[in-house]
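Subject: Structure handover

Dear colleague,

I am passing on a structure that you have not worked with before, and I would be glad if you could look it over with the notes below beside you.

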Amino acid sequence: MNPTQQPRPARLTVGVVGAGRVGPALARALQLTGHRPVAVSGVSDASVRRASDMLPDVPLVPPAQVLALADLVLLTVPDDALPGLVQGLAETGAVRPGQLIVHTSGRYGAGVLDPARRAGALPLALHPAMTFTGTMVDVQRLVGCSFGVTAPDELRLAAEALVIEMGGEPEWIAEDARPLYHAALALGANHLVTLVAQAMELLRTAGVEHPDRMLGPLLGAALDNALRSGDAALTGPVARGDAGTVAAHVAELRRHAPGTVAGYLAMARGTADRALAHGLLKPELAEDLLGVLADDGDTSPGGPGGTGGPGGTGGTTPGTGGPGTGPAPTDEGTPGGER
């Protein structure tokens with residue numbers, strides 16, 4: 001074997017605890033490489049349907065039985081539920097020595113699996129940086145998807161090999177860096193959904209019939225520019241220092257969608273800070289702009305940074321600062337407690 005190649009894991013029986021959006025997709029991806037799903041647990045009606053669709057003929061059983069049947073166990077439950085689940089499985093004797101126990105939480109590293117490790121299990125943290133739908137499209141999206149990998153040094157090669165078998169790209173994350181890593185992905189991916197949904201609602205209110213068609217090319221270009229160029233890709237009225245335009249935005253948002261004002265101001269302040277630091281926003285224009293962003297409630301033409309003040313309304317290009325990427329986190333917890 002080429003010494004630069006990852007070792008190919010032995011063919012394993014695979015079990016899933018928590019048939020949310022993530023677990024069945026990972027099990028199906030492993031099945032395509034020769035591993036054998038043998039058991040899955042799920043509690044909600046949606047999880048039962050998902051398991052049936054993604055893993056047909058794989059029996060639905062209680063979590064302890066999943067561990068009894070599987071060499072490799074995927075714990076795909078919400079972050080807050082994971083420590084208690086691991087502790088409970090270990091205390092009841094469900095964990096077997098030599099068993100691979102894998103969780104997919106972005107927040108936690110391998111340490112959360114210590115109760116299972118003390119019972120003889122081999123702990124791996126494999127977090128796919130992707131958003132999941134609970135359908136077969138997720139398996140395709142795993143190809144080229146980055147995984148945040150954390151494991152004991154002696155298991156590093158095995159962890160990375162499993163990721164590669166699922167089509168992913170392993171990215172090593174230190175144990176103490178997991179919370180920051182996960183925060184970065186949530187900031188980029190989860191908040192992106194909120195921003196896009198708000199933008200679509202505002203466009204509908206403005207009379208745009210197909211806001212998705214309008215936003216698709218714009219956001220795609222903004223994302224591409226941001227990934228290529230970082231802060232140099234910043235554009236739009238905040239980066240230009242168009243205080244009057246920004247004041248008009250805030251006034252319209254207060255009128256039509258007051259719930260979006262706080263988010264707009266917060267993101268605009270962050271954009272202004274980065275534009276200043278990168279030399280895109282001229283200091284002489286920043287004072288009026290920051291006056292508008294101070295959120296004093298006065299966005300009238302005569303107020304600070306109003307539409308009659310410095311900065312004018314010359315620029316109308318939508319801001320395309322480019323939201324970040326990080327899929328995914330990953331999924332929301334379902335009512336049944338799965339990821």
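What follows describes the sheet and then one arginine.

Please keep in mind that this is a predicted model.

The sheet is an open one of seven strands, which come in the order β2-β1-β3-β4-β5-β6-β7 and pair in a mixed fashion. Because β2 (36-41) and β7 (169-172) stand at the edges and have a single partner strand each, one side of each is left without a neighbour in the sheet. From one strand to the next, the twist averages 25 degrees. Within the sheet, strand β4 (residues 100-103) runs parallel to strand β5 (residues 122-128), and four bridges join the two; in this pairing, leucine 100 stands opposite leucine 122 in β5. Helix α7 (residues 156-165) packs on the sheet, where it touches β3 (72-75), β5, β6 (146-150) and β7, and the direction of α7 makes about 145 degrees with that of β7.

The residue I looked at in detail is arginine 178, which lies in helix α8 (residues 178-205). Arginine 178 is buried and yet has no salt bridge, since the nearest side chain of opposite charge, that of glutamate 175, is 6.8 Å away, whereas a salt bridge requires the atoms to be within 4 Å. A polar atom of the arginine 178 side chain does, however, lie 3.4 Å from the backbone oxygen of glycine 106. Leaving aside neighbours within four places in sequence, the residues in contact with arginine 178 include His103, Ser105, Gly106, Ala125, His127, Gly148 and Ile173.

Note on methods: Residues are numbered from 1 along each chain as its sequence is written. This is a predicted model: local features need pLDDT of at least 70, side-chain atom pairs count only at pLDDT 80 or more; totals for chains, interfaces and linings use all residues. Side-chain values use heavy atoms; hydrogens and water are left out. Buried means under 20% relative accessible area, exposed over 50%, partly exposed in between (1.4 Å probe, protein chains only). Lys and Arg count as positive and Asp and Glu as negative; His and the chain ends are not counted. A polar contact is a pair of N or O atoms within 3.5 Å; within protein, one must be able to donate a hydrogen and the other to accept it, and residues adjacent in sequence count only if both atoms are side-chain atoms. Contact means heavy atoms within 4.5 Å. Two strands pair if DSSP finds at least two bridges between them. Axes are lines fitted to C-alpha atoms, for helices over the stretch in contact, and angles run from 0 to 180 degrees between N-to-C directions.
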